[in-house]
Amino acid sequence: MIRNYLKVALKVLARRKFFTFISLFGISVTMLVLLVATAIFDHSLAPQAPETRSERTLGIYRLTMRGPENTQSSDPGYGFLDRYARPLAKLPGVEKVSLLSSAQPAVSYVGGKKIESQLRHTDGEFWQIMEFELLEGGPFTVEDERDARFVAVINETTRRRFFDGQPAAGRTIEVDGQRFRVVGVVRDVPMLRFSSSADVWVPISTSKSASYKEQWMGGFEGLILARDRADLPAIKAELQSLLREAEHHLPDPKRYKTLTAGADTLFEGLVHKVGLGDSDKLRPAAVKAVLFLLMLLFMLLPTLNLVNINLSRILDRASEIGVRKAFGASSRTLVGQFVVENLVLTLLGAMTGLLLAIPVLAALNASGVLAYARLGLNLRVFLYGLAMAIFFGVLSGVYPAWRMSKLHPVQALRGRSV
Amino acid sequence: MIHLDQVSKMYRTDRIETTALDNINLAVEKGEFVSIMGPSGCGKSTLLNLMGLLDEPSAGKVELDGISINGQGDRALARVRNERIGFIFQQFHLVSDLSVLDNVEIPLLYRKMSNKERRKAALAALDRVGLSSRTRHFPTQLSGGQQQRVAIARAIVGRPSILLADEPTGNLDSQMGDEIMDILEGLNAEGATVVMVTHDPRLAERTHRTVRLFDGRQVQ
C-alpha cells in the first residue's frame with residue numbers, strides 16, 4: 001500500500017513542477033535555517049569534549065542580591081563560591097566541585113606582534129571534571145593551583161600563534177604581562193562552550209591581585225559534578241539551604257537582605273548567560289516553550305503555502321479520490337494516504353535542506369564568527385531535522401488531507417470539489 | 001441481493017429541492033443482468049450510486065444481501081463496497097499516474113493481503129479482460145476500449161458479487177462497446193450480478209430485464 005502511495009506521491013509532484021519547486025524551495029530553506037540553528041544549539045549544549053559529563057554537571061552561573069531598594073545581579077564571585085559552593089563537595093552525590101573564572105581578553109606580544117587571547121583562571125579540579133583532548137603534556141594539578149605555580153595549558157591555536165605550531169610543552173608563554181610555563185596543549189574548544197573554552201588556562205592563584213578571594217559578585221562560576229544524574233535534585237536543594245545560611249553573612253546587610261542563585265544545567269546556564277533568565281520569573285521551561293513557539297512561527301509560512309497548494313490540488317485529484325472511495329477506501333485511509341504523500345514532499349525538502357546545510361555550516365566554521373566552532377551534521381542533528389520534517393509534514397498535510405477525504409464520492413467522480 | 005424499498009432521493013439547495021428519484025421499489029436477484037434505461041437526467045446514475053452505497057437515500061431503505069445499509073458509518077460502507085461491489089464508469093476513472101497493473105490493484109490495497117497475492121490477482125484480472133500484455137503501460141497509452149477493459153479488471157479483481165456499470169460503453173464506438181458487453185456477459189455467466197445503466201437499447205436487449213426510469217420515477 002505504501003509503495004502505491006509513494007508512486008502516486010512522486011507522480012503528483014512531477015505533474016505540477018512549478019508548484020513542487022516552490023514548495024520544495026520553501027521547505028528546504030526553512031529546514032536549512034532550522035538545521036543550522038539546531039547545529040549551533042547542539043554544539044553549545046550536547047555532551048562533547050571537553051564537557052563530556054555535562055549531563056551530570058551543574059553550574060552556579062548567576063547570583064542575585066536583593067534589598068528593599070537595591071538589586072545586584074551578576075555572575076558569582078570567588079569569595080561566595082569558595083564559602084558556599086565548595087562545601088557541596090562533601091555531599092555523597094557530588095564527585096567534584098570546581099571554581100573557574102570567565103574567559104577574559106588578554107594581550108601578548110610575540111616578536112612585536114600583538115596577540116589577543118582569551119584567558120581563563122581555573123582550579124585543579126576543573127581538569128578533573130572536564131575531559132580535554134590533549135595534544136601535548138597534561139593539565140595543571142590541584143597542587144599547582146594551591147602553590148600558585150605559574151603554569152599554563154594552551155590550545156592549539158595559541159601554540160600556532162606563539163610557537164609556529166612547534167611543540168610547546170615546557171616552553172614559556174607571556175600573557176597579560178605574566179610568564180607561564182606551558183604544561184599542556186589541548187584541542188581548540190568552541191567559544192560556544194562558555195564554561196570550558198579559552199585560549200590559555202592558568203591557576204586562579206596566579207591572579208595579579210588577591211582581592212578576588214573576598215568578592216561575592218563577579219567574574220567566576222562554580223561547577224559541580226554529580227556522581228549520577230539522579231543526584232542533581234539533592235544538590236540543587238542543598239545549595240538552596242546553603243544560600244539561606246549565606247543570607248546571614250551578606251557583605252552589605254544594610255542594602256541587601258536576600259540571595260538568589262541556582263545550580264543550573266548547561267541549558268539553564270545558557271539562558272542566564274544570554275540574559276533571558278535574569279528575572280527569577282522567567283524559567284528555562286518557559287524559554288524552551290518560547291523557542292518551540294518561534295520554531296513553529298518560522299515554519300508557519302511554508303506550512304500555509306503547502307496547505308494552500310494541497311488544497312488547490314483537491315480538484316485535480318477529485319476523480320482519484322472518488323475511485324478510491326468507490327473501491328473501498330474509508331476517509332481515514334485517505335487521510336493516511338495524503339499525509340504520507342505530504343511527508344514524501346517534506347522529507348524531500350528536508351533532504352535538500354540537509355544537503356544545503358553542509359556547505360553553509362562549513363562556511364560558518366571557516367568564517368570565524370563563532371570562534372573554534374566545528375559545526376556539523378551529526379546523527380543527533382540529523383534526527384532533530386528528521387523529527388522537524390515529520391512534524392512539518394504532518395502539520396501541513398492533515399488539514400488538506402481531511403478536506404480531501406471528506407469529498408463526497410459521487411461529487412468527486414463528477415470532478416467537483418464541493 | 002439488492003433491495004430498494006420506497007427509495008427517494010432529493011437534492012436540496014437554499015432555494016430549491018430537486019427530486020432525483022421518487023419512490024423506487026426494485027429488487028435485483030443474485031446472478032441477474034439488469035439494465036437501467038431512461039432519458040438523460042431521469043435518475044439512472046443516482047439509482048446506481050444508491051445501489052453502490054456511494055450515496056444515501058433521502059427516504060426509503062436500501063438492503064444488500066438482507067442487510068440494511070441505512071445509517072451505516074463511513075468505514076462500514078467502505079468495507080461493503082470493497083468486498084461486494086465493483087464499479088465500472090463511463091469515464092473509466094483510471095488514475096493516470098499509475099500503471100495499468102497498479103490501477104487494477106487499487107481495490108486490493110484496502111484488504112489485508114501480501115504484495116505478491118495482490119499482484120497475482122491483478123494479473124489474473126487483466127488476463128481475464130485480455131490485457132496481460134499491457135500491465136506496464138499507463139492509461140493514456142491505451143485506447144478507450146482498452147482503458148475500459150482495465151477498468152473492468154479493476155472492478156473484478158476483488159471478486160465482488162455485484163458489478164455496477166454506469167454507461168460502460170458510452171465513450172466507445174460500437175465495436176469496442178460490443179467487446180465490453182461480451183466481457184460483462186461473460187462475467188455474468190460466471191455468476192456475477194450485473195446492473196448496467198445504458199442509453200443503448202441494443203445493449204439493453206442483451207440483458208435479462210430492463211428497468212425504465214422517467215423523471216425519477218420507475219415506469220417499467
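This briefing walks through a predicted model of a complex with chains A and B. Local features need pLDDT of at least 70, side-chain atom pairs count only at pLDDT 80 or more, and totals for chains, interfaces and linings use all residues. Residues are numbered from 1 along each chain as its sequence is written, while chains are lettered from A and ligands numbered from 1 in the order in which they are written.

**Confidence**

- The predictor gives the complex an ipTM of 0.93 and a pTM of 0.71.
- Chain B has a mean pLDDT of 91, and 100% of its residues reach 70 or more. Here pLDDT is the predictor's confidence in each residue, from 0 to 100.

**Where the chains meet**

- In the complex, 22 residues of chain B are in contact with 22 residues of chain A. Two residues are in contact if their C-beta atoms, placed from the backbone, lie within 7 Å.
- On the side of chain B that touches chain A, α2 (74-84) and α3 (100-109) of chain B each supply at least two residues. The largest share, 6 residues, comes from α2(B).
- By class, that side of chain B has 10 nonpolar, 4 polar and 8 charged residues. Ala, Val, Leu, Ile, Met, Phe, Trp, Tyr, Cys and Pro count as nonpolar, Asp, Glu, Lys and Arg as charged, and the others, Gly among them, as polar.
- Helices (H or I, at least four residues) and strands (E, at least two) are DSSP runs, numbered from the N terminus.

**Chain A: a buried strand**

- Strand β12 (residues 220-226) of chain A has 7 of its 7 residues buried, so the rest of the structure largely encloses it. Buried means that 20 or more other C-beta atoms lie within 10 Å of a residue's own; exposed means 12 or fewer, and partly exposed is in between, with C-beta atoms placed from the backbone.
- In a regular strand the side chains alternate between the two faces of the sheet.
- From β12(A), A:F220, A:G222, A:I224 and A:A226 point one way, and A:E221, A:L223 and A:L225 point the other way.
- Strand β1 (residues 57-60) of chain A runs antiparallel to β12(A), joined by 4 bridges. There, A:L58 stands opposite A:I224.
- Strand β4 (residues 94-101) of chain A is also antiparallel to β12(A), with 7 bridges. A:L99 stands opposite A:G222. Two strands pair if DSSP finds at least two bridges between them.

**Chain A: helices**

- Helix α8 (residues 266-273) of chain A is mostly covered, with 6 of its 8 residues buried. They are A:L266, A:E268, A:G269, A:L270, A:V271 and A:H272. Their cover includes α2 (17-45), β1 and α9 (284-312) of chain A.
- A:L232 is found in helix α7 (residues 232-246) of chain A. It counts as partly exposed because it has 18 C-beta neighbours inside 10 Å. Leaving aside neighbours within four places in sequence, A:L232 is in contact with A:R56, A:L58 and A:A226.
- The axes of helix α11 (residues 331-367) and helix α12 (residues 379-405) of chain A come within 7 Å and cross at roughly 145°. The residues of this contact divide into 17 nonpolar, 8 polar and no charged. Axes are lines fitted to C-alpha atoms, for helices over the stretch in contact, and angles run from 0 to 180 degrees between N-to-C directions.

**Chain B: sheets and helices**

- An open sheet of 6 strands has the order β6-β7-β8-β3-β9-β10 in chain B, with mixed pairing. Its edge strands are β6 (85-88) and β10 (217-218) of chain B.
- Inside chain B, strand β3 (residues 33-37) runs parallel to strand β9 (residues 209-214), joined by 4 bridges. The bridge partner of B:V34 is B:R209.
- Helix α5 (residues 144-156) of chain B lies across β6 and β7 (162-166), at about 170° to β6(B).
- Another open sheet in chain B has 4 strands in the order β2-β1-β4-β5, with antiparallel pairing. At its edges stand β2 (17-28) and β5 (67-68) of chain B, each with a single partner strand, so one side of each is left without a neighbour in the sheet.
- Helix α1 (residues 44-51) of chain B lies across β1, β2 and β4 (59-64), at about 120° to β1(B).
- The helices α3(B) and α5(B) pack at about 35°, with axes 7 Å apart.
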